[in-house]
Amino acid sequence: MKKSMYGKFGGQFVPEVLMPALTELEEAYEKYKDDPKFLAELDYYMKDFAGRETPLYFAKNLSKKYGIKIYLKREDLVHGGAHKLNNTLGQALLAKYMGKKRLIAETGAGQHGTATAMAAANMGFECEVYMGAKDIVRQHMNVYRMELMGTKVNSVESGSRTLKDAINEAFRDWVTNVENTHYLIGSVVGSHPYPMIVRDFQSVIGKEVKEQIMEKEGRYPDSIVACAGGGSNAMGIFHPFVEDTEVKLFPVEAGGKEMKITEKEALHSSSLCVGEEGILQGAHTLILQDKYGQILESSSVSAGLDYSGVGPELAHLADIGRITPCNVSDDEALEAFYELSRLEGIIPALESSHAVAYVMKMAKTGELGDLVVINLSGRGDKDLESVFRIMEEGKEKEEKEACK
Ligand SMILES: *Cc1c(COP(=O)(O)O)cnc(C)c1O
């Protein structure tokens, strides 16, 4: 099997001009990934800047109510409020070792752009982020955050003016400026070596869980549950456990409003569950597409899960049966958002609420065993406005019904 492949998934489906850049990145990564100086510096950033290690918290009230032991891996406590900084710090440091002066990224909801801006400001990079014009309006607070940290946000006016168009623009920039620029991809997606690099930087999550759960419970969990958009927080917590086949792994995708794909758009974001093989962002993987192979826009209550594909390694692990893809609906995720807030005093990101919702739904079935770890990928502060709006709309609807 070629190194760039995970079974039949992965690869490097990019224009010829980008091959040298991918090769340069791969060689640099191989050179530095075990280099003591690089690792010591990364460790410093992870500890003192990002706030690692994050706690593995026993959710006592949730556990009591659902009848199994539930632990939360608190990635919501990482600086910036999500796991994304683990990856941007790692890649930015690698770019520094490679002598690059400039970082570029694309962002949908703005979370990855923000995490990139943080790393760039701290390590002294020039930074530009591509973002669809539609997303810029929807996520104006994240645009302001990035600008505060000195990042230039470029509005992308082409196509549907969302994430997939921003991806195209970022690729275009990289082709032109590859000499001094590192393209910082935000999940375990894209051409080799990106899925491997992002997975490795995010694996700090799973490595910490291994030690923490042994200390607290003296054994590995029966199940690990993580939400999956592109799949980086899922791969990060799963990867150190892949060989431990007694531990069941559940990536939870966004089931959205309904489980039906229309031709114009997918009302969900469940690439692992119902996607088909195709090429997205330079990799062969499972994606949401129409019968002509055109990418379908995904849809979810959580902007961070709204990606039309999924990382190739997750596609492979699903293919060989090592992970069990599943999904929950927008409404189930919202219910989990309220439940965790009320029961534990922790407001989860809507993305992470999908993982919590799956555990709430499955706890009684025995499917998850008695000891479960949920990757709490982020905090919910960023989602308060949209949850508030959904609540208000719900109330209005109820009032109208009552008047009838
Ligand atoms: C971006 C994001 C995700 C989804 O990205 P993955 O690569 O699938 O992890 C999940 N949770 C939070 C909080 C995010 O910000």
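Guide: Two strands pair if DSSP finds at least two bridges between them. Keep that in mind as we look at this predicted model.

Visitor: OK, what makes strand 4 and strand 14 a pair?

Guide: Strand 4 (residues 69-74) and strand 14 share 6 bridges, in the parallel sense. The cut-off is at least two, so they pair. As for who faces whom, Y71 stands opposite V373 in strand 14.

Visitor: And how do you know that strand 9 and strand 14 pair?

Guide: Here there are 3 bridges, again against a cut-off of at least two, so strand 9 (residues 223-227) pairs with strand 14, in the parallel sense. S223 has V372 of strand 14 as its bridge partner.

Visitor: Why is strand 14 called mostly covered?

Guide: Buried means under 20% relative accessible area, and 6 of the 6 residues in strand 14 (residues 371-376) are buried. In a regular strand, side chains alternate between the two faces of the sheet. Here L371, V373 and N375 are buried on one side, and V372, I374 and L376 on the other.

Visitor: How do you know that the ligand lies between the domains?

Guide: Domain 1 (20-48 + 83-194) and domain 2 (52-80 + 203-387) both give residues to its shell, so the ligand lies between them.

Definitions and conventions. Residues are numbered from 1 along each chain as its sequence is written. This is a predicted model: local features need pLDDT of at least 70, side-chain atom pairs count only at pLDDT 80 or more; totals for chains, interfaces and linings use all residues. Side-chain values use heavy atoms; hydrogens and water are left out. Domain bounds come from an automatic or database domain assignment. Buried means under 20% relative accessible area, exposed over 50%, partly exposed in between (1.4 Å probe, protein chains only). Helices (H or I, at least four residues) and strands (E, at least two) are DSSP runs, numbered from the N terminus.
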